[in-house]
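Take a look at the model first, then follow the notes below it.

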Amino acid sequence: MTPRADPLTVEVVELIGDVVARYYEEYEHAAAEHSLTGAQARVLSLLSAEPLPMRKVAQRLKCEPSNITGIVDRLESRGLVERRPDPADRRVKLAAPTTEGTRTAEALRTSLDFAREPLGRLTVAERTLLKELLQRMLGVAPE
């Protein structure tokens, strides 16, 4: 039998859920402003960090590779993404943003007010602590 979570833990989990829901709502709205779906925006943002094989994009976004193929096809038809050979293994194709795709990803990032506004109310020390706590929760080594 699983032990019951204490009320504070339940409250924190609910607050995290509220933050995530509001983030996704804002993300979908920001994506629509750029004529993208939320999924297309997430793929474009991920690729703007580094070109990746579609298999890795699917792994990182926790979805089926066939879904990513369709999303990349649509982004490619809009001139936001291109497929290119991987210099390390020419049999592998990387999905990479075009110059316009990089500009769009940056515009999308800067239009996400939801995260910026509430975080702006925190001091640098509080934001640093929040970052460290989130990294610890995710098992990510601090920078």
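P51 is partly exposed, because its relative accessible area is 34%, a value between the 20% under which a residue counts as buried and the 50% over which a residue counts as exposed. Please keep in mind that this is a predicted model.

**P51 and its surroundings**

- You will find P51 in the loop between α2 and β1, where β1 covers 52-53.
- Setting aside neighbours within four places in sequence, P51 has contacts with R84, L94, A95 and A96.
- P51 and S111 are 60 residues apart along the chain, and their C-alpha atoms are separated by 23 Å.

**The chain as a whole**

- The protein chain contains seven helices and three strands.
- If you follow the sequence, these elements come in the pattern α-α-β-α-α-β-β-α-α-α.
- The C-alpha trace of the protein chain spans about 50 × 40 × 30 Å along its principal axes.
- The protein chain has 143 residues, and 26% of them count as buried.
- Looking at contacts between residues at least 6 apart in sequence, 47% join residues at least 24 apart.

**Where α1 meets α2**

- Helix α1 takes in residues 7-33, and α1 packs against α2 at an angle of about 90°, with the two axes 8 Å apart.
- α1 and α2 are therefore roughly perpendicular to each other, a term that covers angles from 65 to 115 degrees.
- On the α1 side the contact is made by Y24, Y27, E28 and A31, and on the α2 side by G38, A41, R42 and S45.
- Sorted by class, the residues in this contact of α1 with α2 are four nonpolar, two polar and two charged.

**A closer look at R42**

- R42, one of the α2 residues in that contact, is partly exposed, because its relative accessibility is 25%.
- Which residues does R42 touch, not counting those up to four places away in sequence? They are Y24, Y27 and E28.
- R42 and D18 are 24 residues apart in sequence, and from C-alpha to C-alpha they are 20 Å apart in space.

**Where α2 meets α3**

- The axes of α2 and α3 cross at roughly 115° and come within 11 Å.
- The crossing of α2 past α3 is right-handed.
- Here V43, L46 and L47 of α2 make the contact with V57, R60 and L61 of α3.
- By class, this contact of α2 with α3 has five nonpolar residues, no polar ones and one charged one.

**Where α3 meets α4**

- Helix α3 runs over residues 54-61 and helix α4 over residues 65-77; the two pack at an angle of about 115°, with their axes 8 Å apart.
- That makes α3 and α4 roughly perpendicular to each other.
- The crossing of α3 and α4 is right-handed.
- From α3, the residues M54, V57, A58 and L61 meet P65, I68, T69 and V72 of α4.
- The classes in this contact of α3 with α4 are seven nonpolar, one polar and no charged residues.

**Two buried glutamines**

- Q40 sits in helix α2, which covers residues 38-49.
- Is Q40 buried or exposed? Q40 counts as buried, because its relative accessibility is 9%, and the cut-off for buried is under 20%.
- Apart from neighbours within four places in sequence, Q40 is in contact with S35, I71, R74 and L75.
- Q135 belongs to helix α7, which covers residues 124-138.
- Q135 is buried as well, because its relative accessible area is 11%.
- Leaving out neighbours within four places in sequence, the contacts of Q135 are V140, A141, P142 and E143.

Key. Residues are numbered from 1 along each chain as its sequence is written. This is a predicted model: local features need pLDDT of at least 70, side-chain atom pairs count only at pLDDT 80 or more; totals for chains, interfaces and linings use all residues. Side-chain values use heavy atoms; hydrogens and water are left out. Axes are lines fitted to C-alpha atoms, for helices over the stretch in contact, and angles run from 0 to 180 degrees between N-to-C directions. Helices (H or I, at least four residues) and strands (E, at least two) are DSSP runs, numbered from the N terminus. Angles under 35 degrees count as roughly parallel, over 145 as roughly antiparallel, 65 to 115 as roughly perpendicular and the rest as oblique. A crossing is left-handed if the near helix is turned anticlockwise from the far one by less than a right angle, and right-handed if clockwise. Contact means heavy atoms within 4.5 Å. Ala, Val, Leu, Ile, Met, Phe, Trp, Tyr, Cys and Pro count as nonpolar, Asp, Glu, Lys and Arg as charged, and the others, Gly among them, as polar. Buried means under 20% relative accessible area, exposed over 50%, partly exposed in between (1.4 Å probe, protein chains only).
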